[in-house]
Amino acid sequence: MKYLRILNNNLKDSIKSVFRNFSLSVASISCITITLILVAVAILLSENVNKFTDDIEKDVTIVVYIKKDATEEDRNALDTKINLLSNIESVTFMSKEAIRKDMSKDSEGLGTILSEYDENTNPLLDEYLVKVKDTEKIGTTAKQIKDLSGVSQVKYGEGMVEELVKIFDTVKKIMVVIVIGLVVVTAFLISNTIKITINNRKRQIEIMRLVGASNSYIKMPFFFEGIILGFIGSIIPVLLSLYGYVYLYDKMNGILFTEVISLINPNQVMTHLIITLILIGVIVGAIGSSRAVRRYLKI
């Protein structure tokens, strides 16, 4: 009961302090809010970049064109050799006749042209569609396949795939650095705000020390004040992220510019984002206030 009473008194003192130093509290909350909005944007960008990268890696396919004079035995031997390579996830055979039919369905004009050919006169080549495990090594894998006997040509979007993967990887790293930097800035701003608050109550703290109050008893109200400021500061970023991203997702039908680049579904990211923003606000508020009050406990 004693500890609950002390906790209750500390919470009351913290809430009173927030309203007593209203202008400073508003300044601190504003800094937290602005910073957490930027953190939310950085997290959403990072999550979407992860999805873009995953989508590209899933869609990247090495198209292996088989030589026109290859027999069924040659094709089977080639299939075996490709599957034995270390970076292969799956190999799918596509006959030239199946390709001709698919191309005819996709384009009416092309279908008219290809309709003049039959199975014996089809000018297309049989092919293998190869999925790789590691997209970063796709160039090496494509070269290994190209060197196999029975292969006419290999295509996978040379250069473009590697560049896209590198760009997205760089963006992800930049987002991580931005989030960490913003968290540090937030802690610094809260710390300075709490310092000003403590400085206004310096005489009160000294009196409390003189009457025998423990360091933890003095520190607790400021500790909870930082938590309260951090929590309040996280409310607006949470609401903006929740309703803003859902609105953007619905407005763009989950697609960014092209169907190749789709946005991550809000249901997959919102719970994680909301918890993260609140935790960052609360934890950084607590750390900032603890850091600020420490110097006065050494008086």
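## Salt bridges

At 15% relative accessibility, Asp-126 is classed as buried in this predicted model, because the cut-off for buried is under 20%. Its salt-bridge partner is Arg-75, and the closest N and O atoms of the two are 3.6 Å apart. Arg-75 belongs to helix α3 (residues 72-83), whereas Asp-126 sits in the loop between α5 (108-114) and β3 (127-132), so the pair ties together parts that are 51 residues apart in sequence. Arg-75 is also buried, with a relative accessible area of 18%.

How many salt bridges does the structure hold? There are two. Besides the pair of Arg-75 and Asp-126, Asp-147 forms a salt bridge with Lys-143, and here the closest N and O atoms are 3.6 Å apart. Are Asp-147 and Lys-143 buried or exposed? Asp-147 is exposed, its relative accessible area being 58%. Lys-143 counts as exposed at 55% relative accessibility. Side chains of opposite charge can pair when their charged atoms come close.

## Largest pocket

The volume of the largest pocket is about 330 Å³. Its lining consists of 18 residues, and those closest to the pocket centre are Val-41, Leu-44, Leu-45, Tyr-245 and Leu-248.

Which helices each supply at least two residues of this lining? They are α2 (22-59) and α9; helix α9 covers residues 215-251. The largest share of the lining comes from α2, with eight residues. By class, 15 of the lining residues are nonpolar and three are polar, while no charged residues take part.

## Summary

Of the two salt bridges, one pairs Arg-75 with Asp-126, where Arg-75 is buried and Asp-126 is buried. The other pairs Asp-147 with Lys-143, where Asp-147 is exposed and Lys-143 is exposed. The largest pocket has a lining with 15 nonpolar residues, and α2 gives the largest share of that lining.

Definitions and conventions
Residues are numbered from 1 along each chain as its sequence is written. This is a predicted model: local features need pLDDT of at least 70, side-chain atom pairs count only at pLDDT 80 or more; totals for chains, interfaces and linings use all residues. Side-chain values use heavy atoms; hydrogens and water are left out. Helices (H or I, at least four residues) and strands (E, at least two) are DSSP runs, numbered from the N terminus. On a 1 Å grid over the protein atoms alone, a cavity is a set of points where a 1.4 Å probe fits but cannot get out, and a pocket is an open set with protein on both sides within 12 Å along at least five of seven lines; lining residues have an atom within 4 Å of a point. Grid points are joined across faces, edges and corners, and a volume is the space filled by probe spheres set on the points. Ala, Val, Leu, Ile, Met, Phe, Trp, Tyr, Cys and Pro count as nonpolar, Asp, Glu, Lys and Arg as charged, and the others, Gly among them, as polar. A salt bridge is a side-chain nitrogen of Lys or Arg within 4 Å of a carboxyl oxygen of Asp or Glu. Buried means under 20% relative accessible area, exposed over 50%, partly exposed in between (1.4 Å probe, protein chains only).
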